There are 2 protein chains.
Amino acid sequence: MAKNSLGREIPALWRGRALDPYIDPWSRKPEVLRATRPLVRRHPSDSKLLPSLRAALEKCELRNGMNISTHHHLRNGDLLLNLLVKEMDAMGLMDMGIASSSVHDVHAEIIPYIRKGVITRIETGVNGLIAQMVSKGELKCDIIVRSHGGRARSLVTGEVEVDAAFIAAPCCDVTGNMNGVHGPSACGSLGYAYTDARYAKKVVAVTDNLVRYPAAPISISQSDVDYVVQIESLGDPKKIVSTTTRVTRDPAGLLIAKYAAEVIHASGLLKDGFSFQTGAGGTSLAVADNVRRLMAENGVKGSFGCGGITGYFVDMLEEGYFETLFDVQCFDNKAVDSMRRNPCHREISADLYASPFNRGCVANMLDCVILGATEVDVDFNVNVNTESSGYLLHNTGGHCDVAAGAKLAIVVAPSMRGRLPVVRDAVTTVTTPGETVDVIVTERGICVSDKHPDLVAELRRRNLPVKDIRQFHEEITKVTGKPRPVEFEDEIVALVEYRDGSIIDVIRKVHE
Amino acid sequence: MAKNSLGREIPALWRGRALDPYIDPWSRKPEVLRATRPLVRRHPSDSKLLPSLRAALEKCELRNGMNISTHHHLRNGDLLLNLLVKEMDAMGLMDMGIASSSVHDVHAEIIPYIRKGVITRIETGVNGLIAQMVSKGELKCDIIVRSHGGRARSLVTGEVEVDAAFIAAPCCDVTGNMNGVHGPSACGSLGYAYTDARYAKKVVAVTDNLVRYPAAPISISQSDVDYVVQIESLGDPKKIVSTTTRVTRDPAGLLIAKYAAEVIHASGLLKDGFSFQTGAGGTSLAVADNVRRLMAENGVKGSFGCGGITGYFVDMLEEGYFETLFDVQCFDNKAVDSMRRNPCHREISADLYASPFNRGCVANMLDCVILGATEVDVDFNVNVNTESSGYLLHNTGGHCDVAAGAKLAIVVAPSMRGRLPVVRDAVTTVTTPGETVDVIVTERGICVSDKHPDLVAELRRRNLPVKDIRQFHEEITKVTGKPRPVEFEDEIVALVEYRDGSIIDVIRKVHE
């Protein structure tokens with residue numbers, strides 16, 4: 001057991017894997033070759049169509065101990081992963097790994113198969129019940145939490161081998177050309193699945209909308225797809241995309257948003273060519289709303305918006321605030337519709353979006369990103385994985401990727417939630433290292449990293465409530481009281497991998 | 001020295017390379033892993049911009065014996081390859097290989113550097129003077145002729161290692177995002193360069209049109225580009241694309257075209273979903289003209305046109321004869337313009353277009369292709385590389401790829417050229433094996449492969465001049481006289497690789 005550079009205890013070995021402790025956001029540059037896979041030769045008369053998921057699982061020659069993957073653009077509407085796990089159980093497969101891009105509440109259906117030993121590990125972050133049960137020790141399943149860029153990296157380096165990728169394809173032809181913008185299960189971008197299509201040993205397109213050759217547009221190409229399976233439905237469209245994402249009406253959220261936009265303005269980044277990312281949360285969208293106003297007032301023409309895309313960003317594109325949207329995931333119907341018809345709304349892979357180990361990702365070109373947090377600490381470290389209960393409940397998303405890439409990474413959060421302060425002595429879990437976080441904005445104060453004395457001066461000049469983070473921590477804990485520390489047992493139930501593959505933190509079993 | 005299945009003498013070894021003789025179009029399926037390359041890590045503040053080609057060549061750490069590549073979408077207007085060879089000479093580099101997608105007449109400027117030993121091999125087919133001089137023994141430079149699909153395959157399998165790819169980018173940003181549709185050197189599709197971008201050890205974007213980030217659209221992405229160099233001009237726009245490609249007015253050509261279209265109609269393939277490829281030659285376009293007429297008369301809605309794209313195919317797309325164009329190379333300005341504005345005009349990589357060793361190429365989905373020939377023989381073998389002089393003069397293009405992929409491969413050619421018959425006992429050089437050729441159409445007769453007795457019957461029913469190829473050969477040679485055989489020396493100056501990597505023929509030095 002050694003400490004990484006953030007003081008987190010990292011074992012040398014966990015469940016057979018040697019761990020490399022996190023050092024800093026930049027220096028890890030392993031001398032590694034891009035992962036490979038066997039080439040395939042396919043003749044003009046060969047058909048890829050298979051009658052069922054079972055047939056596809058068999059054709060992929062899955063054996064005990066292998067990994068499968070799916071993508072999570074269908075979110076809580078996804079039916080595919082559950083179907084696959086049930087089929088693998090029916091085939092008698094055991095000790096399988098799920099190397100999907102994310103796992104959601106809807107996948108709680110696989111819990112019985114985890115208990116049974118069909119699934120023994122999840123090579124991705126998990127949202128919701130499965131993660132919580134693993135945290136409690138109620139479910140035995142190794143979890144390795146990875147960011148979107150880190151997941152792409154792990155496939156490209158070969159650290160994670162996907163033996164068979166099952167790609168939910170809302171629109172697909174018989175050769176496997178596919179897109180996400182047409183059909184009853186349209187989800188928009190297929191950005192996370194690109195890496196699977198290029199690196200999985202076998203690639204299966206699963207569709208509920210088989211169209212005449214050639215599918216148009218083509219997001220993932222026939223030259224990467226081994227088999228095509230038609231099933232009745234990929235998912236519940238109502239749960240795949242929300243009909244709308246909305247600006248918050250909460251007064252505290254609105255104040256946070258106003259402050260955050262002022263910080264961006266004060267930073268000097270808000271000029272022609274400005275690039276920007278926010279999440280889909282109400283406060284994030286309120287920041288976008290304020291940024292839009294400032295852009296209009298100052299006649300600023302932005303360059304690109306990126307990340308998971310909301311209707312709000314679509315409006316900004318259409319109104320000329322951005323020239324381009326780079327979309328790795330559509331958050332609502334308006335985004336799906338925009339990607340379908342607007343060539344300036346561009347689909348990108350998770351690798352291009354955020355991987356640290358390619359020749360340059362889009363995240364590196366970002367001026368400013370607005371990020372959330374369940375907790376931050378006095379060293380600017382951010383937690384989005386666990387909550388103050390200690391339970392693992394959320395996947396990382398692109399959090400640590402864009403924090404590292406953007407010139408200005410701003411975390412927005414209410415100063416307290418219930419009786420719990422958002423600022424801690426130390427976060428329960430480090431998702432994103434403080435070295436890559438620039439500003440924390442709450443409704444009661446703005447904390448700026450020591451890296452930015454000029455920004456502090458400018459914010460003070462604007463009479464904004466800049467506060468030293470340690471003093472701010474004391475101020476808030478005076479209101480909330482010092483939170484009772486969560487008690488953990490020694491057992492490590494999950495790893496949190498930093499985007500570069502080093503271990504930034506571990507998640508231990510909560511002592512109930 | 002052993003004979004391949006077509007009776008061509010293939011040495012076991014040539015210039016240090018062990019040769020695998022051609023057997024048939026389908027059976028070669030080497031167990032091979034996709035080629036790899038070292039991963040790179042690039043931080044947000046790292047710039048890719050370099051001040052000159054020389055700086056880029058140095059950054060790529062080129063050493064004697066390595067390979068560089070360029071793409072040939074700029075055709076006879078390309079300036080880049082010549083500039084690179086001169087710089088390599090200035091750096092004192094020797095024994096370098098050119099692994100470009102094609103070499104053209106404009107590259108005759110590099111002849112002095114071949115003489116000097118700076119360039120000792122060309123890993124691609126060569127059009128024009130360099131090839132002719134090599135055939136005559138006047139220039140010493142190993143040439144390996146590859147089809148477009150075969151070249152993509154050779155990079156993907158790692159048989160050819162490109163140490164540095166220099167991609168002429170008509171529109172490019174500072175991170176290397178690029179497209180071919182904007183700028184003074186616009187050439188349309190960058191299809192051949194995709195494979196280089198994915199497989200070359202180092203990738204350099206060279207542009208005369210550096211645009212604000214992000215370039216739009218993105219054909220080749222920043223995540224694959226190491227360096228960006230701005231130069232004054234990539235080429236001579238007038239020689240990059242022709243202003244127009246035209247239907248022939250030659251009566252023989254028009255008759256050939258009429259027959260070829262009748263063959264397609266008689267084959268039964270001309271129905272909804274029809275897919276089609278022709279070259280840019282006047283007779284090929286005349287076939288397209290007749291096919292269009294037949295489609296209109298019969299109310300046929302086609303699926304896709306593919307290959308190198310001409311304005312003629314753009315018209316067919318716009319008039320609704322096709323839903324899609326798959327474009328690996330634009331042949332004229334109208335095609336470039338169409339790709340710029342019409343999302344149904346889709347850019348594809350050479351790998352997706354025609355490689356035999358991926359999970360299914362577009363060529364495999366073709367119904368019918370119209371191909372040219374310098375010679376055909378009584379076994380339906382086709383030559384497009386050498387002429388009856390014996391000189392290597394032409395690159396293969398996609399000839400053997402689409403012949404193998406398409407359901408119906410039709411060769412169109414005049415029955416004689418000057419005093420030389422087009423049909424021979426044996427072609428001087430086999431480019432495309434007769435096993436993949438279905439019909440040969442001349443103005444004096446139509447020869448159909450034995451594979452298609454039904455087609456023969458239908459053509460006879462339509463009173464078309466179907467002839468047995470051996471009888472037709474005799475008939476023509478009665479007119480032309482038996483051509484004097486070209487005399488060759490033993491020395492092999494070039495290999496003709498079949499798309500699968502086996503050696504279908506060799507090219508020997510012509511005895512003058």
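Hi everyone, let's start with one side chain: A:Glu58 is partly exposed, at 44% relative accessibility (buried means under 20% relative accessible area, exposed over 50%, and partly exposed in between, with a 1.4 Å probe and protein chains only). A word on the source: this is a predicted model, where local features need pLDDT of at least 70 and side-chain atom pairs count only at pLDDT 80 or more, while totals for chains, interfaces and linings use all residues. Residues are numbered from 1 along each chain as its sequence is written, chains are lettered from A in the order in which they are written, and side-chain values use heavy atoms, leaving out hydrogens and water.

Back to A:Glu58, which makes a salt bridge with A:Arg54, the closest N and O atoms being 3.0 Å apart (a salt bridge is a side-chain nitrogen of Lys or Arg within 4 Å of a carboxyl oxygen of Asp or Glu). Both residues sit in helix α1 (residues 53-59) of chain A, four residues apart, or about one turn of the helix (helices are DSSP runs of H or I, at least four residues, and strands are runs of E, at least two, numbered from the N terminus). A:Arg54 is partly exposed too, with a relative accessible area of 29%.

Now for a pair from further along the chain. A:Lys140 and A:Glu491 meet in a salt bridge at 3.5 Å, N to O. A:Lys140 is in the loop between α4 (129-136) and β9 (142-145) of chain A and A:Glu491 is in strand β28 (residues 488-497), so this pair ties together parts that are 351 residues apart in sequence. A:Lys140 counts as exposed, at 59% relative accessibility, while A:Glu491 is partly exposed at 33%.

Let's turn to the interface. How many residues of chain B are in contact with chain A? There are 59, and they touch 59 residues of chain A (contact means heavy atoms within 4.5 Å). About 5300 Å² is buried between the two chains, with carbon and sulfur atoms giving 49% of that (buried area is the accessible area, 1.4 Å probe, that two parts lose on being put together, summed over both). B:Arg34, B:Arg41 and B:Arg359 supply 21% of the area that chain B buries against chain A, more than any other three residues.

The rule finds four salt bridges across this interface. In one of them, B:Arg212 pairs with A:Glu323, with the closest N and O atoms 2.3 Å apart. Over all chains, the count comes to 80 salt bridges.
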